[in-house]
Amino acid sequence: MIQNSFLLATIFYLLGFCASIAKKKHLTGILLLSGLVTNACSITMRYFQTLPMMPLYQAPFFLPFCLGLFAFAMVSRDRAGKTETLFIMAILSCIAALFPKDHYLPFLQFKTVLAHLFFIFGIIGRTFFLLSGILAYLVIRQRKSPFTYGVSLKDVRQFVIWGYVLFTMSIFSGAIWSYLGWGTPVVWDDPGIVTAMSTWLYYSLYLHLHLIAFGNVKNRPYFALFGAVWVTIFNWLPDMGRFMLPMIFIK
């Protein structure tokens, strides 16, 4: 049920993206909402099935849901970036469905609510970083075309700030959780911690670009776009597992 419901959500997301390209707003909203409901069922069952363990390596199944919430708001308000967000969400869902990592990696047991905050805030923070990259792409695009998407660099910065705040809360929650469980706030031999800290440092530098001449207004969208690529490669791809067809096809 967990895998099949996520696969169904992926199909809804793909159809929603196609409907968005065809400019069928109401159909896009219906398909996207259907995908969100089935995705919510999947991640809820996935989360509670692992109790009292933590589903730390299953973030790729949760990230499309967070992106979908923003995409649904964009579709409802007919905001720029809805089609691009739907495209990214559909691609991430397809990869997560075909490269699941939850089949063979162990989970960590939690003893405090900080473990949940570390997991959830980290996912939402990464969602904001990806959205800032999508908006940065639109800013770059509208500079080179006669069309305007109604997106400004201020919108990009706001998404980066929210992502930075939530990602910082995730790191601090994880540090306290680690200290309570293992007696040290940072386990440096964990590659997930190292990549998370490098991402936090990158966006710390991004928020201070106005202090250096190299970070002028014209270049900042490229830094935000690069940050989204960075998050995808170093904070999302490591959670990918080996290729595996969904169980519905195997049966």
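Axes are lines fitted to C-alpha atoms, for helices over the stretch in contact, and angles between them run from 0 to 180 degrees between N-to-C directions. Two packed helices are described by the angle between their axes and the distance between the axes. The structure is a predicted model, in which local features need pLDDT of at least 70 and side-chain atom pairs count only at pLDDT 80 or more, while totals for chains, interfaces and linings use all residues. Residues are numbered from 1 along each chain as its sequence is written, and side-chain values use heavy atoms, with hydrogens and water left out.

The secondary structure of the chain comprises nine helices and two strands, where helices (H or I, at least four residues) and strands (E, at least two) are DSSP runs numbered from the N terminus. From the N terminus on, these elements follow the order α-α-β-α-α-β-α-α-α-α-α. Along the principal axes, the C-alpha atoms fill a box of roughly 55 × 50 × 30 Å.

Helix H6 (residues 153-182) packs with helix H7 (residues 191-206) at an angle of about 145°, their axes lying 10 Å apart. In this pairing, H6 contributes residues including Val160, Tyr164 and Phe167, and H7 contributes residues including Met197, Trp200 and Tyr203, contact meaning heavy atoms within 4.5 Å. By class, the contact of H6 with H7 has 11 nonpolar, three polar and no charged residues; Ala, Val, Leu, Ile, Met, Phe, Trp, Tyr, Cys and Pro count as nonpolar, Asp, Glu, Lys and Arg as charged, and the others, Gly among them, as polar.

Of the 251 residues in the chain, 48% are buried, a term that denotes under 20% relative accessible area, with exposed set at over 50% and partly exposed in between (1.4 Å probe, protein chains only). Ser42, in helix H2 (residues 25-50), is buried, with a relative accessible area of 0%. Residues up to four places away in sequence not being counted, Ser42 touches Ile2, Ser5 and Phe6. Phe70, in helix H3 (residues 59-77), is partly exposed, with a relative accessible area of 24%. Apart from neighbours within four places in sequence, Phe70 is in contact with Thr127, Phe128, Leu131 and Phe159.
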